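Visitor: I would like to go through this model term by term. Please give the cut-off behind each word.

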Amino acid sequence: MSSDNKWGIYAPLAAKLRPRTLTDFVGQRHLVGEGALLRRLIDADNIPSMVFWGPPGVGKTTLAQIIANVTQAEFINFSAVSSGIKEVRTVMDAAQTQQQWGKKTIVFVDEIHRFNKSQQDAFLPYVENGSVILIGATTENPSFEVNSALLSRCKVFLLYGLTADDISELLNRAITHFCADTSLVSEIDPKHIDILAAFANGDARTALNTIEMVLNSAQIADGKLTITDELIQQSVTKRLALYDKKGEEHYNLISALHKSIRNSDAHAALYWMTRMLDGGEDPLYIARRLIRFASEDIGVADSNALLLAVATYQSCHFNGMPECGVNLAHAVVYMSAAPKSNALDSAYVAAMADAQKTPTEPVPLVIRNAPTRLMKDLNYGKGYQYAHDVEEKVTNMQCLPDKLADKKYYHPTNQGREAKIGEALKKVEHLREKM
C-alpha cells in the first residue's frame, strides 16, 4: 500500500482506543464493576488521593483520566524524569488557587516510584490540605517505593493483569475500529485472537500494539485484509518477562521458589526457577539461595543436599547459561524430594539469640586452653576430660557457661538422616546422666 494510506500516520491504535468512560473500560471489575468500592467513590464524586499498583498495560493511566473526566477536574500529568521540586510546587500553588474557585485538580504521577523522596515530599502538604487529588501509578510495591507519610494519605488500589477474555474483547474492538477507519474488511480466525491474547499476557498495550502491527502488515486485495498463520507467528515474538532483578518481582519469585521447594513441590519449584532464568536472573544468585536452603530447610536430615548445592554453584560458575540451567534443575528437584527439617536453622537462631544476650559469659575453666604456666596456675584446663580416653567417647564435662548450663538448642526431627542424628544425641544424653 502507498505511503499516503487511508488511515495515515496518526496516533497509535492503543491511544485511539483509550476509553473515555467506565462503560468502555475493560477489566478491573473488582474496582469499577457495579457496587465496587472505587466505582462508588467515582459515582459519588468523592475521590480520595490514591495509588494504582499493578503490572504494565492494565489501565492505570486510563482509569486516572476517566476519573478526571467524570469528576470534571483539571487533569495534570507529571513526569518523574522531567519534573523537579520547583515544577511540583508551581503546579501545586496553581491548584490551591483553583481550589478557591471550587475547581478540583487531579495530579497524575505515572511511575511514582521513580520520584525521589524530596519530590514525593513536595506533594505532601497539598495532599494533606486537599488542594490536589493525587493519583499515583506504579508497577512496584508502593510499600517500598512511596514515602510512608505520603502513602498513609492515599488509598492503594491493586490492579490485575487482564484476563484472556478481556484481551480478546479489546482485540476485536481494535479490528472493528481499524476497519471502520480504513474502509477495509478483515476476517480473522478466532484462533489468531487466542494466540494474540495469550501473547499479551494480560497487557492491553502489548495486545493493541501487536494487533496494529498485524493489521498494518496484512495483505490487501479487493478491500479485504488477509491475516495468515505466518503473519501471526511473525508478530508474536518473545516478550520480555515481567521481571526486575532489583524490584519486588525478584523477591516474589525467589520466595515462590524457596517455598515451593520447602513444600516438596518439584513441579512448582522448576517453574519458578525457570521463570527467574527466563527473566535474566543470574544463575549464581539462584545457586547461592539453594545453598542457604540446603541448611535452612533440610539440614542434617540430608546433608548431601548441601554438597549438591555447592556443586551446583560450581557447575553454574563453570558452565554459565544456558548450560547450567539443567544443573539448577538437578538441585531443585533433589531438594524438593529431600526430607525437610528446620531444626538446624532453629538451633542456630536460638543459639545466636543467647550469644547476643550473653556476650560476656566466661568460657568454663575446664575447657579453656592453657598454653602458659600462668594460665595453668589459674586453673585453665584443670579437670579437662579427653573424650578419646573413654570407651563411650563421651564425658560429663560441662561445656556451656554456668548461666546456660541446661540449655538445649538443637531438637532433631524424625526426618531422613536427622532421625538417626537424634537417636545418637539421645544416647549421649543417657550416657551423661549415668556418669
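Visitor: What makes the 5 strands an open sheet, and in which order do they stand?

Guide: The model is predicted: local features need pLDDT of at least 70, side-chain atom pairs count only at pLDDT 80 or more, and totals for chains, interfaces and linings use all residues. Numbering starts from 1 along each chain as its sequence is written, and side-chain values use heavy atoms, without hydrogens and water. The order is β2-β3-β4-β1-β5, with parallel pairing. Strands are DSSP runs of E, at least two residues; helices are runs of H or I, at least four. β2 (74–78) and β5 (155–158) are the edges: each has a single partner strand, so one side of each lacks a neighbour in the sheet.

Visitor: How do you know that β1 and β5 pair?

Guide: Pairing requires at least two DSSP bridges between two strands. β1 (residues 50–53) and β5 have 4 bridges, in the parallel sense. They therefore qualify as a pair.

Visitor: Why is the set around I167 and L171 called a nonpolar core?

Guide: A nonpolar core is a set of buried Ala, Val, Leu, Ile, Met, Phe, Trp, Tyr and Cys residues joined through side-chain atoms within 4.5 Å. Buried means under 20% relative accessible area (1.4 Å probe, protein chains only). The largest such set has 28 residues; I167, L171 and I211 are among those with the most contacts inside it. Its largest share, 7 residues, comes from α9.

Visitor: What is I211 in contact with, beyond its neighbours within four places in sequence?

Guide: Contact means heavy atoms within 4.5 Å. I211 meets that with L13, L171, A174, I175, I188 and L196.

Note on methods: Buried means under 20% relative accessible area, exposed over 50%, partly exposed in between (1.4 Å probe, protein chains only).
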